[in-house]
Amino acid sequence: MPPSGAINNWRPALTHSDTAAAGSDSKNENNNGSTAEASKPESPWAAVGLLMEAAQPERPQLWRGLAWLITAAGLEALGPILGKHYIDAYLLPGRFDGMDVQAMASLLAALLLTGWAASWIRFAQLSRMAGVARRSVQRLRERVYNHVLALPMAFFDRAITGQLVSRVTNDSEAVNTLYRQVLYVMLDSSIVVLGSLIAMAWLDWRLMLIVAMLVPAMLIIISIYRRLSAPAVARARELRSDINAQMAESMAGMAMLQSAGAAPRFSARFEATNSQHRSARVRELSANAWLLRPALDLLNVLLLVTVIYGFGQRDLSGLEVGLLYAFLSYIARVVEPLSQITLQFSQLQQSMIAAARVRSLLQETAPVSSAQTDGRRIEAGEIRIEHLAFSYQPGRPVLERLNLHFEPGSFVGIVGHTGSGKSTLLSLLLRFYAPQQGRITIDGQALDSVPDEAFRSAVGLVPQEPYLMAASARENITMGRPDISEAQMREAARAARIDDFLSALPQGYDTLLGEGGTRVSTGQKQLIAMARALAGAPKILFLDEATSNIDSATEQIVGEALTALRGRVTVVAIAHRLSTIRDADQIVVLNHGHLVERGSHGELMAIEGGLYQRLVQLQDLSE
Ligand SMILES: Nc1ncnc2c1ncn2[C@@H]1O[C@H](COP(=O)(O)OP(=O)(O)OP(=O)(O)O)[C@@H](O)[C@H]1O
């Protein structure tokens, strides 16, 4: 199993989606067990914390925006007070002449100006905050992506590609919505409500208390709604991510899917997930339609009745009319934002779940980078393996008590039956996993203490399933490594015997390969992968069945290329096709995770009844 292809691999075990399709709680039954997927309920503060982290560099902007929003709310709250004064001082007493008209005109102008100023400030600040939100989400998305790139390979054994894509794209986008909800609706509306309540308290605190009752009533409604709809919201989100995962999985395994005639089954499974998603959304929207809107309308009416009734109980002298006007204005200003907060709650809940998922992905521990360690560069490429033991799952050892020594510049072949642990050994040498017992050293220093950069530049890999990016041949070989010159790239391509092919392409090395680009055969892909590995001028070159997809003539040419590396580069090649490693200085034979034989081809062939001898005989028979 090629570790390098883990993220792109076709995964026949559709555990998560299958359990989801069966209608069970996939979270509990997901054998892939991605903690990134676990959407455990998080407090709203956790989500807000994530936002604040993302907005960290622009916090002063946020505080400034907040201060201006409070100013706008204050200006808005002034409106009804001015209106009350206008009614009480001029309208009711009928003072319409001389100085009074002037005063009335200034009062009305102030009324208009405060309203306009408040609207303008709010618009400007919300636009400013929208900018902060967009940039924060951009930062968050980059952070999530970089975090995923740094995660250990063991994580990708559990993760499902489509769901990870969902985390980086949809969920990060949902966090954008959360930003909008939190800033536009929650924050802005809360400030307006607070400003109106303060103004009302200044006018008549008893009446204000009646209006303020609205706040706890709304909170109760929200809490009931939350309890009723939360499972549906979480389920909808989970199923949406499943839909993405199924989509990605089908695309990645299209050839197998079609050739195995599995399209109808996949289609049925997709429909099942899709319809469960729709049902979850309907459940969620029903709670919204049946509970939220009617409850809000009812509260509004009750409030108006109570306030008017309160006025009815008082001595309705002329002055009370201005107060009634002011209160009715304030009630509208309180009810509307509170309705906004409540009505947006469903969206808010979804966004919070998305934020929780992004957060748990960010909490996946990336391996501690060796970048800062004081290890040396790899100069010779000597590898020593001592008492190495490893298992993916406790109690199921894959490699046991391995002791090996690869001389610098030597050519080492690793052979063994399928599942004997060859790729696992390679994964350990590549630091994809850490051994549970024993140790590996390179040039005498522990593998994990070699600085990242030094390790990467000294090691090349030609994986079993070569991976081509949707980019030019040049980019596919250099992989953006700035230190690889044109001459080095071409030299590597020549060594991998792919230079002629690439030069003959319509735009030569600038021709697009990979998805949507020029089609290349699997064998050619492998040669490009070889050129990619050689271009970095590695000290150690790992090949994971790199000759399995090329014809015998090309294999011979590659064999010559490997021979040319002798003495300069330590080559460790896993090979099913034994002819590839026939000339190796040392052939290591693994069986069920144990080292059973070791030696040159000649030495191993001399072991009567030995495993290597049998493997060679079997292969000779089959050819
Ligand atoms: N990521 C993984 N998680 C759990 N078990 C794994 C993982 N990768 C490999 N294994 C198991 O470890 C054992 C050794 O697998 P490995 O891929 O190293 O064998 P191999 O010799 O390279 O096989 P092949 O020649 O078929 O590629 C197998 O039993 C396999 O099922």
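**Entry 1. Ground rules.** I am working on a predicted model, where local features need pLDDT of at least 70, side-chain atom pairs count only at pLDDT 80 or more, and totals for chains, interfaces and linings use all residues. I number residues from 1 along each chain as its sequence is written.

**Entry 2. Totals.** I find 21 helices and 10 strands in the protein. Helices (H or I, at least four residues) and strands (E, at least two) are DSSP runs, numbered from the N terminus. Of the 623 residues, 37% are buried. I call a residue buried if 20 or more other C-beta atoms lie within 10 Å of its own, exposed if 12 or fewer, and partly exposed in between, with C-beta atoms placed from the backbone. Among contacts with a separation of 6 or more, 81% join residues 24 or more positions apart. A contact needs C-beta atoms, placed from the backbone, within 7 Å.

Entry 3. I traced an open sheet of 6 strands, in the order 6-7-8-3-9-10 with mixed pairing. Strand 6 (459-462) and strand 10 (594-599) are the edge strands, each pairing on one side only. From one strand to the next the twist averages 15°. Two strands pair if DSSP finds at least two bridges between them.

I then went through the pairs. Strand 6 and strand 7 run parallel and are joined by 4 bridges. One of the partners I checked is Phe 542 in strand 7, which bridges to Leu 461. Strand 7 (residues 540-544) also pairs with strand 8 (residues 570-574), in the parallel sense over 5 bridges. On that side, Leu 543 has Ala 573 as its bridge partner in strand 8, and Asp 544 has Ile 574. Helix 18 (residues 522-535) packs on the sheet and touches strand 6 and strand 7, with its direction at about 180° to that of strand 6. Axes are lines fitted to C-alpha atoms, for helices over the stretch in contact, and angles run from 0 to 180 degrees between N-to-C directions.

Entry 4. Is strand 7 enclosed or open? I count 5 of its 5 residues as buried, so strand 7 is largely enclosed by the rest of the structure. Ile 540, Phe 542 and Asp 544 point one way, Leu 541 and Leu 543 the other. Strand 6 is covered on both faces, with Val 459 and Leu 461 buried on one side and Gly 460 and Val 462 buried on the other.

Entry 5. I found an open sheet of 4 strands in the order 2-1-4-5, with antiparallel pairing. Strand 2 (396-406) and strand 5 (445-446) have a single partner strand each, so one side of each is left without a neighbour in the sheet. Strand 4 (residues 437-442) and strand 5 run antiparallel, with 2 bridges between them. Thr 441 has Ala 446 in strand 5 as its bridge partner.

**Entry 6. Positive phi.** Most residues other than glycine have a negative phi. I noted His 387, with phi near 45°, in strand 1 (residues 383-393). His 387 is exposed, because 12 other C-beta atoms lie within 10 Å. I also noted Arg 497, not a glycine, with a positive phi of about 60°. Arg 497 sits in the loop between helix 16 (486-495) and helix 17 (499-503). Arg 497 counts as partly exposed, because 19 other C-beta atoms lie within 10 Å.

**Entry 7. Ligand shell.** I count 12 residues around the ligand, the closest being Tyr 392, Thr 418, Lys 422, Ser 423 and Thr 424. A residue is near a molecule if its C-beta atom, placed from the backbone, lies within 6 Å of it. Helix 13 (residues 422-429) gives the largest share of the shell, 3 residues. By class I get 3 nonpolar, 7 polar and 2 charged residues. Ala, Val, Leu, Ile, Met, Phe, Trp, Tyr, Cys and Pro count as nonpolar, Asp, Glu, Lys and Arg as charged, and the others, Gly among them, as polar.

**Entry 8. Record check.** The unreviewed UniProt entry places "transmembrane region" at residues 62-83, 103-123, 181-200, 207-225 and 290-311. Its positions are in the numbering used here, feature names are shortened, and annotations may be inferred rather than shown by experiment. In the model, residues 62-83 are 100% helix and 0% strand, with end C-alpha atoms 32 Å apart.

Technical notes
Two residues are in contact if their C-beta atoms, placed from the backbone, lie within 7 Å.
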